[in-house]
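Hi everyone, thanks for coming.

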Amino acid sequence: MKVFSKWIGIAGILLASTSYGAWPDRSVKIVVPYGPGGGADTFARPLAARLSEQLGAPFVIDNKAGAGGTIGVQFVAKSAPDGYTFVVGAIHQAMSESLYPNRGYDFEKDFVPVGLTAVVPNVLVINPKLPFKTAGELISYAKENPEKLTYCSSGNGTSQHVIAELFKSLVKVKMLHIPHKGTAAAMTTFLSGNCDLMFDGMGTSASQINAGNMRALAVTTAKRSPYFPNIPTMKESGGPEMDVGTWYGWFAPAGTPKDIILRMNKELAIALQSPDIKEVWKAQGAEVPNIPLDKQKDFVRSEINRWTQVNKQVGVTID
């Protein structure tokens, strides 16, 4: 009996040490389907660096921007499901499902969640030279001056575009859209004074708000950000009732071995608890979504359904 127990113990140790095989024994590619400097990139790079340290293999960011993020996502959908290619998905993917009918993949069917990593409020920011102090004042001006105000976005069909169109629909105003190829390009236009406002994710606006380069009128979430408590909600600022935040997560191609999915989820959770990652998230006004792995697929499905309805409601189309 003692010999049998000893054998079981040794077998358990061997199984535990080899359950993930040799993975990862080479570089792991993390595709960010947007350009450098955007929200997805901002939250992906610190995690990739941390995972490289934890797992002893390079986790390499690969920016594959274009077509509202669909080019990079399609690349990963067609990649081998071997645990060496992942994509940083976000709310943008839920929005894209109804905007890009020929995108070449079905996000819900062709991907499995690895872990939701961050959620940030979107924030209505304006050029500080404009006189508005509240969303209500901006809305009043926009109603009296149709299409005089301009808003920047990171591109047609992105969250900045869709959320702005939702806002316009709710308050019945007209503003001109200036789409860009990525958040960094949109931010450059905005900061140069050639655009009046943006509905940006807090992850890329936080440092500019703190520096006084833009004025935050309201967050688009139902509650104030714990990291920016002085910024009112949209309703508190005289605008419509909104509850929209931007979430980010890591996804693997469908068919990726379950043990690798579980390992990655575990390692992401460890990384997200590290002091340096916590500090980065705090500086960006981000929190870690409290959604277990086995519930994340349902969450993604609900987001796809939600934004399909919103896109129909506000009439967002891709030019």
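Predicted model: local features only at pLDDT ≥ 70, side-chain atom pairs only at ≥ 80, totals over all residues.

Residues are numbered from 1 along each chain as its sequence is written, and side-chain values use heavy atoms, with hydrogens and water left out.

Okay, let's start with Trp23. Trp23 sits in the loop between helix 1 (2-18) and strand 1. Is Trp23 buried or exposed? Buried, because its relative accessibility is 7%; the cut-offs are under 20% relative accessible area for buried, over 50% for exposed, and partly exposed in between, with a 1.4 Å probe and protein chains only. And what does Trp23 touch? Not counting residues up to four places away in sequence, its contacts (heavy atoms within 4.5 Å) are Leu55, Asp82, Gly83, Tyr84, Phe86, Ile260, Arg263 and Met264.

Trp23 and Pro24 are joined by a cis peptide bond, with omega at about -10 degrees. Pro24 is in that loop between helix 1 and strand 1 too. For background, most peptide bonds are trans, and most residues other than glycine have a negative phi.

Glu147, in the loop between helix 6 (135-144) and strand 5, has a positive phi, near 65 degrees. Glu147 is partly exposed, at 42% relative accessibility. Then there's Lys172, in the loop between helix 7 and strand 6 (176-179), with a positive phi of about 60 degrees. Lys172 counts as exposed, because its relative accessibility is 68%.

On to helix packing. Helix 7 (residues 159-171) and helix 12 (residues 293-314) have axes that come within 10 Å and cross at roughly 55 degrees. That makes helix 7 oblique to helix 12. On the cut-offs, angles under 35 degrees are roughly parallel, over 145 roughly antiparallel, 65 to 115 roughly perpendicular, and the rest oblique. Axes here are lines fitted to C-alpha atoms, for helices over the stretch in contact, and angles run from 0 to 180 degrees between N-to-C directions. From helix 7, Val162, Ile163, Glu165, Leu166 and Ser169 meet Trp307, Val310, Asn311, Gln313 and Val314 of helix 12.

The other pair is helix 8 (residues 183-191) and helix 9 (residues 202-210), whose axes come within 12 Å and cross at roughly 30 degrees. So these two, helix 8 and helix 9, are roughly parallel to each other. Here Thr183, Met187 and Leu191 of helix 8 meet Thr204, Ser205 and Gln208 of helix 9.

Last stop, helix 3 (residues 70-77): which of its residues are buried? Thr70, Gly72, Val73 and Val76. Looking down the axis of helix 3, those buried residues fall within an arc of 160 degrees, so they line one face of the helix; the arc is that of the directions from the helix axis to the C-beta atoms. They pack against several elements, including strand 1 (28-32), helix 4 (91-96) and strand 9 (245-253).

Note on methods. Helix = DSSP H or I, 4+ residues; strand = E, 2+ residues; numbered from the N terminus.
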